[in-house]
Amino acid sequence: AERTAVIVTLNRWNLGTSVVLTGVVIAWSRNDLSAMQWNAQNDDPIFLALTSVLASYCMSRVIEVLFAFCRDAFAKLADEEPESDLDGRRRIGLALTSYLELILNFGLLMALVPCTGWQTGTGSPALVTDVLFYSASTITTSGGGGFVPAGMTVQWLTLLEIACGLILLVVCFAVYSGNPRGRPTNVP
């Protein structure tokens, strides 16, 4: 029960942190994407340090969420003894919270990519909220929100976000909802 409480608390805290960081970035940049990007105008060491910390935090959370849910889903499929007393309903709730966190974290990561990472002619994102919309569209695999990645960084972030979305939506929901009460799956 204690481990479950820690998992739920950390899940909510991490989403809250991403919401606050997103709000700070939008307010600080005045929603102007060019204020967030590394370029000749933004070569201030403090700016570079802060954006490096932001990128590191967001990427580490993305990787942590991806591995945590993959590990948990495979453990449930293998009928391993659970490390917590989370039932299927709570696991789905954690997946949804993490899903929202991933949208924000990927949006912040893409906000740091220079405008050259986007295909011109289709309209490069100009606002932080544009890349958040791109992130939400990408993670659901419904489309790119009208923007097309051109640079390798945005392309790889897009592929990673699609993989995270598929893991959380398809794999986890199938595993968790197929066995919502945590009963062993090999019982007839």
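Colleague: Does arginine 91 count as buried or exposed?
Modeller: Buried, because its relative accessibility is 5%, and the cut-off for buried is under 20%. Bear in mind this is a predicted model.

Colleague: What does the arginine 91 side chain meet in a salt bridge?
Modeller: Aspartate 72, with N to O at 2.5 Å. That pair links distant parts of the chain, arginine 91 being in helix α3 and aspartate 72 in helix α2, 19 residues apart. Aspartate 72 counts as partly exposed, at 22% relative accessibility.

Colleague: How many salt bridges does a search of the whole structure find?
Modeller: Four. Another one joins arginine 61 and glutamate 101, whose closest N and O atoms are 2.6 Å apart. Here too, distant parts are linked: arginine 61 is in α2 and glutamate 101 in α3, 40 residues apart.

Colleague: And glutamate 101, buried or exposed?
Modeller: Buried, with a relative accessible area of 0%. Arginine 61 also counts as buried, at 7%.

Colleague: What about arginine 3, which residue does its side chain meet in a salt bridge?
Modeller: Glutamate 83, at 2.7 Å, N to O. Arginine 3 is in helix α1 and glutamate 83 in the loop between α2 and α3, 80 residues apart. Arginine 3 is partly exposed at 44%, while glutamate 83 counts as exposed at 60%.

Colleague: Switching to the largest nonpolar core: which residues touch the most other members?
Modeller: Phe69, Leu102 and Phe106, out of 44 residues. Helices α1, α2, α3, α4 and α5 each give two or more residues to this core, and the largest share, 11 residues, comes from α3.

Colleague: What does Leucine 102 touch, skipping residues up to four places away in sequence?
Modeller: Val62, Val65, Ser135, Ile139, Glu161, Cys164 and Leu168. Serine 135 is in helix α4 and is buried, with a relative accessible area of 0%.

Colleague: OK, α5. Where is its kink centred?
Modeller: On cysteine 172, and the kink is about 35°.

Colleague: What covers the buried residues of α5?
Modeller: The cover includes α2, α3 and α4. Among those buried residues are Glu161, Cys164, Leu168 and Cys172 itself.

Colleague: Where does pLDDT stay under 50?
Modeller: Over residues 180–188. The chain averages 85, and 89% of the residues score at least 70.

Terms used. Residues are numbered from 1 along each chain as its sequence is written. Side-chain values use heavy atoms; hydrogens and water are left out. pLDDT is the predictor's confidence in each residue, from 0 to 100. Contact means heavy atoms within 4.5 Å. Helices (H or I, at least four residues) and strands (E, at least two) are DSSP runs, numbered from the N terminus. Buried means under 20% relative accessible area, exposed over 50%, partly exposed in between (1.4 Å probe, protein chains only). A nonpolar core is a set of buried Ala, Val, Leu, Ile, Met, Phe, Trp, Tyr and Cys residues joined through side-chain atoms within 4.5 Å. The bend at a residue is the angle between axes fitted to the seven residues ending there and the seven starting there.
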